[in-house]
Amino acid sequence: MSEILEYKCPACGGAMEFDSATQKMKCPYCDTEISVKDYQKAMKGQRETDTPNEPAFEEADGAAGSEYNAWEANSSGEWMEGETDGMRIYSCKSCGGEIVAEETTGATTCPFCGNRVVMKGQFSGDLRPDYIIPFKLDKKAAKAAYQKHLKGKTFLPKIFKKENHIDEIKGVYVPFWVFDAEVDANITYNAEKTRTWEERGLEYTEHNYYELQRRGSIRFEKVPTDCSKKMDDNLMESIEPYNFSDAVPFETAYLAGYLADRYDVEPEKCIGRATKRAKTSTEFSFSSTIDGYQSVSPAQSNIRVKRAKYWYTLYPVWILNTTWNKKKFIFAMNGQTGKMVGDLPSDQKEFWKYVVKRGLCISVLLYVLQWMLVLA
């Protein structure tokens with residue numbers, strides 16, 4: 001299978017790759033290493049690429065309601081001239097996945113479903129990513145994380161570890177819209193305090209009811225929402241968090257040796273998810289300031305997002321496709337932190353054995369306690 005882009009080694013002419021260990025471009029043939037910045041300068045004829053122009057803020061187009069009007073596009077714009085030379089988008093007719101590959105690649109394999117993919121078109125009109133978090137962990141680390149993920153799973157079929165085999169491991173840069181937002185909130189809660197005491201053989205309970213209010217602002221930075229339809233949102237959220245301090249201005253050289261998915265979900269459609277995450281976190285943060293009550297419940301909530309911005313960013317993900325009993329299993333690992341997630345089969349016989357054993361133990365314990373009380 002062809003890699004995404006091929007970068008010629010200045011020493012031997014071999015295809016260089018981005019090395020996650022050294023964070024440099026490295027030739028696997030002659031071990032030549034060069035920084036991404038220096039290599040990009042060489043590719044662009046010594047054209048300076050140190051810092052992108054400050055992106056102009058644009059109001060999110062197509063967002064309905066005053067809440068959506070607070071969001072501003074912070075992406076830097078379209079691809080620069082010459083950057084997409086030799087790059088093509090290949091579309092999978094089975095799952096709709098789109099990946100970036102060389103223009104000379106006639107056919108390849110979809111990393112999402114394993115089917116063949118065919119060329120779709122060029123990058124005309126697409127947004128250029130603003131930032132990228134380079135891979136910090138390699139394929140060897142992904143395999144190790146997968147094996148560790150299988151350990152300690154009580155109901156995992158014992159034969160699964162032996163018979164389940166890895167079909168494919170691919171490093172994929174997954175597209176994300178990353179949001180900054182400031183939230184104003186005014187939340188009213190109903191709370192209750194109770195006090196119980198005994199007097200002259202009678203038990204009394206006093207109920208005191210309160211209305212509490214929390215008002216203030218809270219700021220969120222770099223809230224990620226993946227913008228690829230074929231990537232499961234829950235799967236991508238499960239491998240969070242990413243440390244955005246490792247993000248660097250996008251350069252195509254970081255894609256060398258990896259696949260790169262392109263966004264197919266517009267930012268306006270991700271704003272709802274980002275807003276929901278911000279509101280949920282705000283409610284949790286405000287409610288955590290309330291203490292000393294037996295019960296607390298929100299009565300009225302007014303949460304408004306304002307002064308929000310977003311960027312187009314690529315995050316590193318290792319995707320592992322495995323097969324067992326003719327069934328496909330997909331695992332994903334955060335290419336920066338190593339966090340691994342994925343669904344596993346369960347042995348129903350072992351599960352019910354566990355339930356029965358626990359049930360018997362609890363029954364015996366209750367029986368013993370009952371007799372102890374009777375004898376006492």
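# Cysteines, salt bridges and a greasy patch

The sulfur of Cys9 has its closest cysteine sulfur in Cys30, 3.6 Å away, and that is too far for a bond. Keep in mind that this is a predicted model. The structure holds 0 disulfides, but it does hold 12 salt bridges. Here is a quick tour, by topic.

**Cysteines**

- A disulfide is a covalent bond between the sulfur atoms of two cysteines.
- Cys9 itself is buried, at 4% relative accessibility.
- Cys227 is in no disulfide either: its nearest cysteine sulfur belongs to Cys270 and sits 5.6 Å away.
- Cys227 is buried too, with a relative accessible area of 0%.

- Side chains of opposite charge can pair when their charged atoms come close.
- Arg307 and Glu182 make one of these pairs, at 3.1 Å from N to O.
- Arg273 is partly exposed at 21% relative accessibility, and Asp226 is buried at 2%.
- Lys230 and Asp261 form a salt bridge as well, at 3.2 Å from N to O. Lys230 comes from the loop between strand 13 and helix 5 (233-238), and Asp261 from the loop between strand 15 (259-260) and helix 6, so the pair ties together parts 31 residues apart in sequence.
- Lys230 and Asp261 are both buried.
- There's a network, too: salt bridges with shared partners join Asp180, Arg219, Glu221 and Lys222.

- Strand 2 (residues 15-19) and strand 3 (residues 24-26) run antiparallel and are joined by 3 bridges.
- Asp19 has Lys24 in strand 3 as its bridge partner.
- The two strands form a hairpin with 4 residues between them, and Gln23 in the turn has a positive phi of about 60 degrees.

**Around Leu137**

- Look for Leu137 in the loop between strand 11 (131-132) and helix 3 (139-150).
- Leu137 is partly exposed, with a relative accessible area of 24%.
- In sequence, Leu137 and Gly338 are 201 residues apart, yet their C-alpha atoms are 7.0 Å apart in space.
- Leaving out residues up to four places away in sequence, Leu137 touches Ser20, Trp318 and a run of others: Met333, Asn334, Gly335, Gln336, Thr337 and Gly338.

**The nonpolar patch**

- Ile362, Val364, Leu365, Leu366, Val368, Leu369 and Met372 make a nonpolar surface patch of about 650 Å².
- Ile362, one of the patch residues, is found in helix 7 (residues 348-375).
- Ile362 is partly exposed, with a relative accessible area of 46%. Patch residues need over 30%, so Ile362 qualifies at its 46%.

Methods: Residues are numbered from 1 along each chain as its sequence is written. This is a predicted model: local features need pLDDT of at least 70, side-chain atom pairs count only at pLDDT 80 or more; totals for chains, interfaces and linings use all residues. Side-chain values use heavy atoms; hydrogens and water are left out. Buried means under 20% relative accessible area, exposed over 50%, partly exposed in between (1.4 Å probe, protein chains only). Contact means heavy atoms within 4.5 Å. Patches are made of residues with over 30% relative accessible area and no salt bridge: like charges are joined within 9 Å, nonpolar side chains (Val, Leu, Ile, Met, Phe, Trp, Tyr) within 5 Å. Accessible areas come from the Shrake-Rupley method with a 1.4 Å probe; for residues, only the protein chains shown count as cover. A salt bridge is a side-chain nitrogen of Lys or Arg within 4 Å of a carboxyl oxygen of Asp or Glu. A disulfide is a pair of cysteine sulfur atoms within 2.5 Å. Two strands pair if DSSP finds at least two bridges between them.
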